[in-house]
Amino acid sequence: MGTDLVLGEGPGQISNNTAPESQIDLAPPLRQLPRQLSRRQKAAIIVRLLLAEGAELALQDLPDSLQGELVHQMSTMRYVDRATLKAVIDEFVFEIEEVGLSFPGGLEDTLSVLDGTISPATAARVRKLSGVQIAHDPWSAVSTMTSEQLLPLLENESPEVSAVLLSKLKTSLAAELLGKLPGQRARKIAYAVSMTGTIAPDVVSRIGRSLAEQLGAQPPRAFEDDPSERVGSILNVSPAATREEVLDGLEEEDTAFASAVRKSIFTFANIPERLQPGDVPKVTKDIDQAVLVTALAAATGDQENVANFILDAMSKRLAEGIREEMAERSAVKPAEGDAAMNEIIAQIRTLETGGEITLIVPDEDE
């Protein structure tokens with residue numbers, strides 16, 4: 001005689017009125033049919049089963065209301081018979097297999113999927129038109145911001161709010177932001193972090209939503225990089241005469257901006273101090289040898305040390321061959337020499353962007 005396991009009840013009681021052995025019905029038991037369940041009950045069964053199997057479920061990503069309903073539903077359930085369990089699993093597997101495509105839930109998750117395919121201005125406009133409906137976790141939007149965007153918040157918000165912000169960011173980003181603050185302000189925020197141990201989750205969520213709304217209200221930036229870096233990139237591949245003339249003009253207009261531009265410039269003359277000798281072969285292998293000979297032959301006077309640096313870092317046999325070609329070459333025209341040097345600079349920048357080489361960072365005092 002089987003024991004019936006049902007939802008919302010304990011195991012059924014077996015009758016104590018045992019019939020005589022001669023009257024026991026030896027017919028096979030009737031097949032047990034699955035019970036009819038609501039979708040909430042089915043969801044609770046699947047969650048319980050997955051947890052029992054050791055699966056890691058990100059239930060915290062669900063809206064608070066759904067998390068509460070799931071907890072309540074699971075608290076009212078006791079036992080599930082095998083037929084019902086099998087039916088629920090079969091239905092769950094069928095629905096999973098029928099899914100052909102899924103979309104992210106929430107505005108911020110959708111914008112993350114589209115990152116790089118739509119402009120920052122469009123993303124900002126969508127946030128604004130939607131009333132800045134930040135996803136269920138507003139910190140996911142805040143954490144994607146740059147240090148330049150987050151720094152004003154730390155400067156203007158209370159130490160307590162700033163402490164929560166730092167605590168929700170990656171350690172490296174939090175350390176970078178803390179280092180950019182005045183000493184006294186940084187100490188206040190650091191002390192406020194010690195007071196966040198008892199802060200309630202809903203308070204942290206409200207702070208995140210407020211900060212996300214402030215960041216969403218900021219006008220979109222048309223350019224991601226700093227103005228000094230953009231000017232420096234242009235001057236990198238400009239003729240030397242043009243570069244010096246522009247820098248002299250910037251010195252007269254804005255000394256601070258001119259200094260920032262000079263730091264972002266990487267020219268042929270900077271190669272010995274910025275390029276690792278071991279990276280020279282990586283740079284020269286994809287440059288036409290005629291271009292390389294032209295650039296090194298044009299490197300006379302103050303730039304002669306650059307030519308020697310590159311040749312000394314190459315194989316002895318290759319360097320000797322290039323020196324012979326340089327000796328046989330006639331004088332190089334300035335425009336032709338600048339073009340060849342710029343091609344080498346462009347190759348260095350390409351390798352740096354691709355992560356194949358790392359340039360030496362100049363000291364701040366230089």
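In which helix is the place of E253? E253 lies in helix α13, which covers residues 240-253; helices (H or I, at least four residues) and strands (E, at least two) are DSSP runs numbered from the N terminus. The model is predicted, so that local features need pLDDT of at least 70 and side-chain atom pairs count only at pLDDT 80 or more, whereas totals for chains, interfaces and linings use all residues. Residues are numbered from 1 along each chain as its sequence is written, and side-chain values use heavy atoms, with hydrogens and water left out.

The chain contains 20 helices and zero strands. Its accessible surface amounts to about 24100 Å², 54% of which belongs to carbon and sulfur atoms; areas come from the Shrake-Rupley method with a 1.4 Å probe, and for residues only the protein chains shown count as cover. Of the 366 residues, 29% are buried (buried, under 20% relative accessible area; exposed, over 50%; partly exposed in between; 1.4 Å probe, protein chains only).

E253 is classed as exposed because its relative accessibility is 70%. Together with E244, E245, D248, E252 and D254, E253 forms a negative surface patch. Patch residues have over 30% relative accessible area and no salt bridge, like charges being joined within 9 Å and nonpolar side chains (Val, Leu, Ile, Met, Phe, Trp, Tyr) within 5 Å. A salt bridge places a side-chain nitrogen of Lys or Arg within 4 Å of a carboxyl oxygen of Asp or Glu.

T84, in helix α3 (residues 82-98), counts as buried because its relative accessibility is 2%. Leaving aside residues up to four places away in sequence, T84 touches P34, R35 and L37 (contact, heavy atoms within 4.5 Å).

Methods:
Lys, Arg positive; Asp, Glu negative; His and termini not counted. Charge placed at Lys NZ, Arg CZ, Asp CG, Glu CD.
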